[in-house]
Amino acid sequence: MWDPTTYLRYGDERSRPFHDLVARIPAERPRTVVDLGCGPGQLTATLAERWPASRVVGLDSSPEMIDRAAALDAPVDFSVADLRDWRPAGDEDVVVTNAALQWVPGHQALLRRWAVELPAGAWLAMQVPGNFSAPSHRALREVADRPAWRAELAPLLRADPVDDPADYAELLTGAGCAVDAWETTYVHLLPVRPTADHPVLAWMEGTALRPVRAALDAAGWSAFRAELGVRLAAAYPVRQGQVYFPFRRVFVVARTGDRAQENK
């Protein structure tokens, strides 16, 4: 179960890659704009501001996220749906998926299918976290590999579920797209608050730790969280009252072309 409030603890930091991604989409008057994996919807609402004459759709598999999104005062059609099942209807000129595909094994096949099925000249834009080799995730996998938790957690944590920008560029070029692919490492300066958890632990509770929390009982979760917190504090020391948290992200903006239509 997703917790929108926990996810939004670092809303400003999490939203910046979305805005950087969308800024590279030069579409002027798209008929329909779709946000796949829209989460709590506040970023999807900015798509309606960017393209006010377009129909904007936000889809997410989490009912909790869609409930939060539907409460927004935004001209967006929000609904619960699994992005793995989504198929273009024919008028989608912009499709965005932000920090969602890392949860989907084999998402490369989805990207290729979308590129082939979207109309010619449509824009397909994606962003995924690329920090799975960072100290935060190495610590997560190390704690999960302890005997107390290995059986329950080993199947849930993949070492690196996303590709490099060049791999995505090759995939989508092969599907007939013109591709712009890049990566960026943001250095988030996370403040440390008295009596609060280490900020990287608090960050991870909104995303990477979600399946761990769901798999463990209350006592197991408390013990796991405490051990991980010790490791994170060592990996990300406090300096000048804050923690410096490098976070790599992978971006792709692709435009479909005639070759994509021929491959249908």
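## Aromatic rings and their partners

Arg-14 lies over the face of Trp-203, 4.4 Å from the ring centre. A charge counts as over a ring if NZ of Lys or CZ of Arg is within 6 Å of the ring centre and within 35 degrees of the ring normal. The model is predicted, so local features need pLDDT of at least 70 and side-chain atom pairs pLDDT 80 or more, while totals for chains, interfaces and linings use all residues. Residues are numbered from 1 along each chain as its sequence is written, and side-chain values use heavy atoms, without hydrogens and water.

Trp-203 also belongs to an aromatic cluster with Tyr-236, Phe-245 and Phe-247. Across the whole structure, a search finds seven aromatic pairs. Rings of Phe, Tyr and Trp (its six-membered ring) pair if their centres lie within 6.5 Å; planes under 30 degrees apart are stacked, over 60 edge-to-face, and the rest tilted. Two of the pairs are shown here.

| Pair | Centre distance | Plane angle | Type |
|---|---|---|---|
| Trp-182 and Phe-251 | 4.9 Å | 0 degrees | stacked |
| Phe-245 and Phe-247 | 5.7 Å | 90 degrees | edge-to-face |

Trp-182 has a relative accessible area of 15%, so Trp-182 is buried. Phe-251, at 0%, is buried too. Buried means under 20% relative accessible area (1.4 Å probe, protein chains only). Phe-245 and Phe-247 are both buried.

Notes:
Buried < 20%, exposed > 50% of the residue type's maximum accessible area, 1.4 Å probe, protein only.
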